[in-house]
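This report describes the fold of one chain and the contact it forms with its partner. The structure under discussion is shown below.

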Amino acid sequence: MSDAAPVVALVGNPNCGKTALFNALTGSRQKVANYPGVTVEKKVGPITTPAGRTVRIVDLPGTYSLRARSPDEEITRDVVLGRTQNDVIPDLIVCVADASNLRLALRLVLELKQVGRPVMLSLNMMDIAHRRGIEIDAERLGRELGVPVVSSVAVRRGGTDALLAEIDCRLAERRSAAAAQWRAPDAAALRRAQREADRILAAVARGQGGRDSLTARADAVLLHPVAGLVVLLAILFVMFQAVFAWAQPGMDAIEAAFGWLGGLVEAMPLPDLAKSFLKDGLIGGVGSVVVFLPQIVILFFFILVLEDLGYMARAAFLMDRIMGGAGLHGRAFIPLLSSFACAIPGIMSTRVIDDRRDRLTTILVAPLMTCSARIPVYTLIIGAFVPDREVWGYIGLQGLVMFGLYTVGIVGALLVSFVVKRLIWRGRPGEPFMLELPDYKLPRPRSLAIGLWTRATIFLKRAGTIILSMMILIWLLASFPQPPEGAAEPAINYSLAARIGTAIQPVTAPLGFNWQINVALIPGMAAREVAVGSLGTIYAISGGEEVADRIGQALSSQWSLATALAFLAWYVFAPQCASTLAVIRRETGGWRWLWVTFFYMLALAYLAAFVTYRVALALGAG
Amino acid sequence: MSSQPTIALGNARVGFRGRILAIAAGRVAAGLPASELERRLLELGFVEGADVEVLHQGLFGRDPIAVRVAHTTVGLRRREAMAVLVSAGA
C-alpha cells in the first residue's frame with residue numbers, strides 16, 4: 001500500500017451505516033490504530049477501484065457537524081480540514097447518509113461543501129428506504145446540492161459498485177486540493193442551512209419522515225418507563241449469564257493450553273531460574289490475562305449486537321436519570337456493567353461516552369466493580385473465616401458476605417463518581433444528555449465478525465506488550481535475589497518482594513496485615529487471583545488436590561478474624577491489577593490518570609481495611 | 001399563526017404534538033453556554049417550524065424525554081428541552 005495513494009474519507013451522522021459501508025468496501029484489510037495522543041480509533045483500509053486505482057479509505061467518527069463536541073468529532077473535523085500532522089489529508093470526502101433519514105445529513109453535506117474539497121453524497125441503506133416507500137430523485141438531489149449523488153447498499157453484493165465508479169470518476173479529475181476553508185457556523189448559519197436542507201428534501205424526496213412502524217411498536221415496550229427497565233434488566237441478566245457460563249469452556253481450554261506449555265518448559269533441560277522465568281513469568285503472566293479473552297469476546301458480542309440494533313442509545317436513555325444521581329452519564333452504564341466481568345473490557349468500552357470528563361469519571365470508578373478475578377480471593381477468605389451457617393432462617397451467611405462485598409464496591413463507585421463530579425469537575429458545565437434514538441436495524445453477521453476480530457486483536461496486542469512487561473517486572477521482584485543454598489523457607493521469602501513486604505510492615509500493621517500478606521500482595525498485582533497461589537507458596541503449602549482448602553485451613557490458624565475481614569475490605573478497593581492500570585494508561589493517553597486511579601484506590605483500600613480492622617477488634621474479633 | 005399558547009417543550013406531556021416557535025437557550029440554566037446549547041439543538045434538527053411530538057419519558061421525574069422532531073427521534077433531558085418553545089397542534 002503506497003502512502004501516496006489518494007485518501008477517501010467517509011463522513012456521516014451517527015447511525016447512518018457508515019461503518020457497515022466501510023466494512024463492505026475494505027473487508028478484512030482494514031487497519032485499526034489510534035490517532036497519536038488521543039484514544040480515537042483510526043480506521044484505514046486500502047481498496048482497489050474498478051479502474052485499478054489504489055485508494056485508502058478512512059472511516060471517520062460519526063458527527064452532525066464539523067463543530068466538534070467530543071474527541072471523536074475533533075478527529076473528524078481535523079481530518080476533513082487536513083489539520084492532522086499525519087498523512088491523512090482527504091482527496092475526496094464521501095458523505096454517507098441514511099436514505100430513510102436524510103434531513104440532518106443534507107445539512108452536513110452543505111457544511112462539508114464549504115470546506116472546498118471535493119465532496120460527494122452516498123445514499124446508504126437504499127434497500128430499507130425502498131421498503132418503507134421512500135422515493136428519492138437522486139439526480140435532482142445532486143443538482144440541488146451541487147455534488148454527485150450515488151446510491152449504495154452496504155450489505156448487498158454489488159451494492160457499492162456505483163459508489164466505487166463515482167470515486168474513480170472524482171479522483172480522475174483530481175485537482176490540487178485548495179486550502180480548506182471552514183468557519184464554525186453560528187446559530188443563524190445553522191438555521192439557514194437547515195432550512196435550505198428542508199427545502200431541498202421536500203423537492204426531491206417522497207415518503208420521508210414517517211416513523212418506522214416496527215421501531216414505533218418496539219419502542220412502545222422498550223422505552224416504556226416500567227417495561228423498558230424490566231426488559232433492560234432481563235437483557236443484562238442474560239448477558240451476565242453468558243459472560244460467565246459460555247466463556248467457561250474457552251477459559252478452561254486456554255488455561256489447559258498454557259498449563260501444557262508450562263509443562264513443556266518444565267521438561268526442558270534448563271537451569272531452574274530460566275524455567276521459572278519462562279513458566280511463571282512469561283507463560284503464567286500472559287496466560288493469566290489471555291484467559292479473559294473468551295469473556296471479552298462474548299461481552300463485546302453483546303455490546304456490538306446491541307449497538308448495531310440501535311438499542312444502546314435506548315439503554316442510555318433508560319438509565320440516564322438513575323446514573324445521573326451519582327454524577328454519571330447514561331452511557332456509562334454498559335461499561336460499568338462490563339467491569340463486573342473484568343475492568344479491562346469495561347474501560348475499553350467507555351469509548352461510547354462522547355464527553356471526555358464523563359468518560360474519565362467512568363474509567364476511574366470502573367475498577368471498583370467486583371471483577372471475576374476477585375472471586376477466587378473472596379471465596380478463599382470467606383470459606384476459611386465465615387461460618388457456613390444460616391441467618392434469618394434461610395439465608396446463607398457466606399453468600400451474604402459475598403453479596404455485601406459486591407454492594408460495597410458498587411456503593412464505593414457511586415460515591416467516588418459523586419465526589420469527582422462535585423470536586424474535580426466542579427464549576428464546569430455538565431454535559432447535556434442529547435442523543436438520537438435511531439430506528440432499529442438488524443445487525444449484519446459480517447460487520448459483527450469484523451468488529452469482534454478487531455476487539456480481540458487489540459486486546460491480545462495489549463496483553464503482548466504493556467501487560468507482558470508488567471508481568472516480567474513482578475516476576476523479577478518475586479524471584480530475586482535467589483535463596484541461599486539449602487534454604488529452608490520458600491524461595492519467595494528471600495526475594496525483593498519479601499524485603500518490600502517486611503519494609504512496609506509498619507505501614508500495614510495498623511490494618512492487621514502481617515508481612516506474609518504484604519508479600520502476597522506483590523505478585524497479586526499481576527492479577528488479583530494470583531494472591532491465592534502466593535499465599536500458598538509463602539505458607540509453604542505444596543500444590544495438590546485440595547490445595548485451596550488447605551490454604552484456607554492454614555490461614556484460619558494464622559490470621560485473626562479481624563485480619564481476614566480487613567484483607568477482604570482491602571481487596572474491594574485496592575488497585576491490585578497491573579493490567580487494569582496499563583489499560584487506563586492506554587485509554588487515557590497518558591500516565592496521569594493511571595496514577596490518579598492508583599492512589600485514590602490505594603487510599604480508599606487503606607481506609608477501608610483500617611476501619612474494618614479496628615471495628616472488628618473493638619467487637620472482639622481479634 | 002397559531003392561537004395556541006406557547007409552552008416549553010421541557011414541560012410537555014407524553015403525546016404532546018406541536019410546532020417549534022423558537023429556540024430560546026438563554027432562558028435555560030443548562031450546563032452549557034446558551035449559544036452552544038442553541039447550536040446543538042439546531043444540529044439535531046430543532047429548527048423553528050419543525051413538527052415535534054413527545055413520544056416517551058423516563059420513570060424517575062418523567063425524565064429524560066424522547067421527542068420526534070421532523071424525521072428523527074431524539075432523547076434529551078427536560079432541562080435542555082426547556083429551551084425549545086412550542087405551540088400545540090400540528
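A residue counts as buried if 20 or more other C-beta atoms lie within 10 Å of its own. In this predicted model, 49% of the 90 residues of chain B count as buried.

## Fold of chain B

Chain B contains six strands and two helices. Along the sequence these elements are arranged as β-β-α-β-β-β-α-β. The radius of gyration of chain B is 12 Å, close to the 12 Å given by the globule rule for 90 residues, so the chain is as compact as a globular protein of that length.

Taken along the principal axes, the box filled by the C-alpha atoms of chain B is roughly 30 × 30 × 25 Å. When contacts in chain B between residues at least 6 apart in sequence are considered, 65% of them join residues at least 24 apart.

## Contact between chains A and B

Chain A contributes 34 residues to the contact and chain B contributes 31 residues. On the side of chain A that touches chain B, the elements giving two or more residues are helices H3 (103-113), H7 (187-204) and H13 (311-324), together with strand S12 (434-436). H13(A) gives the most to this side, with six residues. By residue class, the side of chain A that touches chain B comprises 18 nonpolar, six polar and 10 charged residues.

## Strand pairing across the contact

S12(A) pairs with strand S5 (residues 72-76) of chain B in the antiparallel sense, over three bridges. In S5(B), Leu76(B) stands opposite Met434(A).

Conventions:
Residues numbered from 1 in each chain as written. Chains lettered and ligands numbered in written order. Predicted model: local features only at pLDDT ≥ 70, side-chain atom pairs only at ≥ 80, totals over all residues. Helix = DSSP H or I, 4+ residues; strand = E, 2+ residues; numbered from the N terminus. Rg over C-alpha atoms; globule rule 2.2 N^0.38 Å. Buried ≥ 20, exposed ≤ 12 C-beta atoms within 10 Å, placed from the backbone. Contact = placed C-beta atoms within 7 Å. Nonpolar A, V, L, I, M, F, W, Y, C, P; charged D, E, K, R; others polar. Pairing = 2+ DSSP bridges.
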